[in-house]
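Hi everyone, thanks for coming.

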2 protein chains.
Amino acid sequence: MRVLVLGGDGYLGWATAMHLSAVGHDVCVCDNFLGRKLHQQFDCEPLFPVPQLEERARIWGEYSGRHIEVKIGDLTNWAFTLRLFNDFQPEAVIHYAELPSAPFSMADQECSALVLHNNLGTTHNIVHAVHETCPHAHIIKLGTMGEYGTPNIDIEEGWIEVAHKGRTDKFLYPRQGGSLYHTTKIMDTDLLWFYVRIWKLRVTDLMQGPVYGIATKESQLNPALMPHFSYDAVFGTVLNRFVVQAVAGIPLTVYGRGTQRRGFLNINDTLQCIRLVVENPAAEGELRICNQFVEVFSIVDLASRVVSAARTLGIDVEVSFLDNPRAEAETHYYNPTHTKLPELGLQPHLLTEETLIEMIKLVQSFRDRIDSKHILPKVRWQ
Amino acid sequence: MRVLVLGGDGYLGWATAMHLSAVGHDVCVCDNFLGRKLHQQFDCEPLFPVPQLEERARIWGEYSGRHIEVKIGDLTNWAFTLRLFNDFQPEAVIHYAELPSAPFSMADQECSALVLHNNLGTTHNIVHAVHETCPHAHIIKLGTMGEYGTPNIDIEEGWIEVAHKGRTDKFLYPRQGGSLYHTTKIMDTDLLWFYVRIWKLRVTDLMQGPVYGIATKESQLNPALMPHFSYDAVFGTVLNRFVVQAVAGIPLTVYGRGTQRRGFLNINDTLQCIRLVVENPAAEGELRICNQFVEVFSIVDLASRVVSAARTLGIDVEVSFLDNPRAEAETHYYNPTHTKLPELGLQPHLLTEETLIEMIKLVQSFRDRIDSKHILPKVRWQ
């Protein structure tokens, strides 16, 4: 299948591109390197050196014998977007081309304006480009479990039937996110749902939990193929940051009491989910929403697991409880459904001690590159 | 009270500014004339000549003895927005600074991108400017009844309690709009609700139905003070268009069977509602949502009323049923609540035959300016 991976230079984008290429799809990646620029601007280099995208595609070709096409450009630019879609004629479009950081979106007006403009501008252009050039293509949009927030009722997979005063109707599940970033993802869903209704697009919206992990089958071919792995307070996800803190001997920084619960998944399960969804597309006029996570943990539970795995490698590390820089409920009900992806065939990787030990060992081999100055949170929500 | 009216050059903005000025508030209006530019671009002049905003403010001062301050600039420009709020230090901010046309937002990619960028960009900057310069100011945001769409359950005023699997929680009422324009209004609500939670802003979101009417107490002082009255298929609201069609002897164009039902209000009730809300602000950390309309009519019912009122003035006009250019349910349940504004003191103006006759007479005196070439819809949703 002809698959366009937008945001193909990022943590998940590049790993996805290689995985889909490995299993036989014709992949084109597109990126404008905005992620790299912002990492440089915040002086947050990734843990592993990441060659330029064209170079990674060349190395991938060398090791796999498979070609990944590379296009450099900005998807908020309509002329570029239209040409890209017209030239490649994708059958599936994987939309990672958004700024994914909650703290970045809360840093100041300039940052939040950039997140708003970039995330909605790319989604809007992608929808119009599909409509104009390849209306049967399947758009796969990365959403986030954070769109739901922490409601006091069970979280369903995207939709809910509401009974009210003796009548019923089915609606998008109510959403209220915990940052401007999460709010842009809610808006994306509104935007996609509108155009699905009007233009009968095929869309899958994946409500993904925080991802952890480093190595994937494809990235193990050569260190230059490793993902763009962040561990700082702005761009790093929590478990990846904990692993780096353990290796650096810095106490694991838990925000608040750490009783916040979230649904997590391994990067290898992200790749599985995306492949399953690419190969089992949504119907025309369907907005299919899947909750993409594998296990629910509290933050303090994750920290304990990292402490324990580190101990087996002779590393002693503590947990440090910080004043929560975010505005979020620390004690809350949390019971999210997640059956659609297992029904499509997802075989989950669980967060075992072995998984954590492997992550720690891999990070240890890059220990000299750890820069601890960006690990403590500086952005406060209030 | 110091009241900032954003989008103060528009149909409702200018009438609101005069009304609040007349009752003793200190009013500053701001506009970038984007509305005028787009009307010119689409070659849709308003029915009455509308002097420049500064000139209208000067004439208003002459007739009323009250000063309205005028600021020209673009609220998607952060530096301008910050300076405006910092200089004026508003206690209430009335946010009309959005592109309000559903057909315009569906015309092509360029138009929808402009609506998305303008509507969310202005709202985002206004929220940040209030937070940075006047955090206790009350933001009054014009939403639309169209955000709710036509659900199969009763429409409440902004919020709904959902019982699900033995538990309950309260959420924003589910929204799904009928155009990209309506979708940007839904997104605005998401954006405001996020910042209300985080920054404890005071916000009132007015879900307004289609407005009709021309003369207000203040605009009757001088013809130069009349509102920017549109009757074309892109920028005109339905009842205003029907009145102009009747005067021009053009059959009233009903989209589809005209059984679509909506909640309508007279421009004089918009002014009342805004004044009531300005003088009874939302609490800190409250997103107060009011459904702002007075009576529910079907489109074909409105057309019949115009036909009948016209007949009393000796005008014979027919109703013409067009293929519906929009994608909307023509037969649907519709039972929207609207108690909050009456509770604040709204004394509704009903759509009587006298009201229609007055509108028809006023339009007759400008009959020579009617340009019929833009009355038929050209934008199709699908």
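Let's start where the two chains meet: 47 residues of chain B are in contact with 47 residues of chain A. Please keep in mind that this is a predicted model. The area buried between chain B and chain A comes to about 4300 Å², and carbon and sulfur atoms give 62% of that.

How do the two copies meet? Of the interface residues of chain B, 100% are also interface residues in chain A, so the copies meet through the same surface. Turning chain B by 180°, with 0.0 Å of shift along the axis, superposes it on chain A with an RMSD of 0.0 Å. That is the relation of a two-fold axis. If you'd like to find the axis on screen, look for M187(B): its C-alpha is the nearest to the axis in chain B, 2.7 Å from it.

Now, what holds polar groups across this interface? There are 26 residue pairs in polar contact between chain B and chain A, both residues being at pLDDT 80 or more. On the side of chain B that touches chain A, α6 (109–133), β6 (159–164), β7 (167–172) and α7 (180–199) each supply at least two residues. The largest share, twelve residues, comes from α7(B). Sorted by class, that side of chain B has 23 nonpolar, 15 polar and nine charged residues.

Let's zoom in on one residue of that helix, T183(B), which sits in α7 of chain B. Is T183(B) buried or exposed? With a relative accessibility of 1%, T183(B) counts as buried. Its side chain reaches the backbone oxygen of S179(B) at 2.8 Å. Beyond its neighbours within four places in sequence, T183(B) is in contact with D190(A), L191(A) and F194(A).

On to charges. Between chain B and chain A we count two salt bridges. In one of them, K165(B) pairs with E156(A), and the closest N and O atoms are 2.8 Å apart. K165(B) lies in the loop between β6 and β7 of chain B, and E156(A) in the loop between β5 (138–144) and β6 (159–164) of chain A, so the pair joins two chains.

Over all chains, the count comes to 38 salt bridges. R275(B) and E279(B) form one, with their closest N and O atoms 3.2 Å apart. These two are four residues apart in helix α9 (residues 267–279) of chain B, which means about one helical turn separates them. R275(B) is partly exposed at 31%, and E279(B) is partly exposed at 33%.

One last stop, in chain B: Q292(B), which lies in strand β12 (residues 287–292). What is its relative accessible area? The value is 0%, so Q292(B) is buried. Its side chain makes a polar contact of 2.8 Å with the side chain of Q208(B). Leaving out residues up to four places away in sequence, Q292(B) touches several others, including L206(B), L265(B), C273(B) and L341(B).

Technical notes:
Residues numbered from 1 in each chain as written. Chains lettered and ligands numbered in written order. Predicted model: local features only at pLDDT ≥ 70, side-chain atom pairs only at ≥ 80, totals over all residues. Heavy atoms only, no water. Least-squares fit on C-alpha atoms with pLDDT ≥ 70 in both. Contact = heavy atoms within 4.5 Å. Buried area = accessible area lost by both parts, 1.4 Å probe. Salt bridge = Lys/Arg side-chain N within 4 Å of Asp/Glu carboxyl O. Polar contact = N/O pair within 3.5 Å; in protein donor to acceptor, adjacent residues only side chain to side chain. Nonpolar A, V, L, I, M, F, W, Y, C, P; charged D, E, K, R; others polar. Buried < 20%, exposed > 50% of the residue type's maximum accessible area, 1.4 Å probe, protein only.
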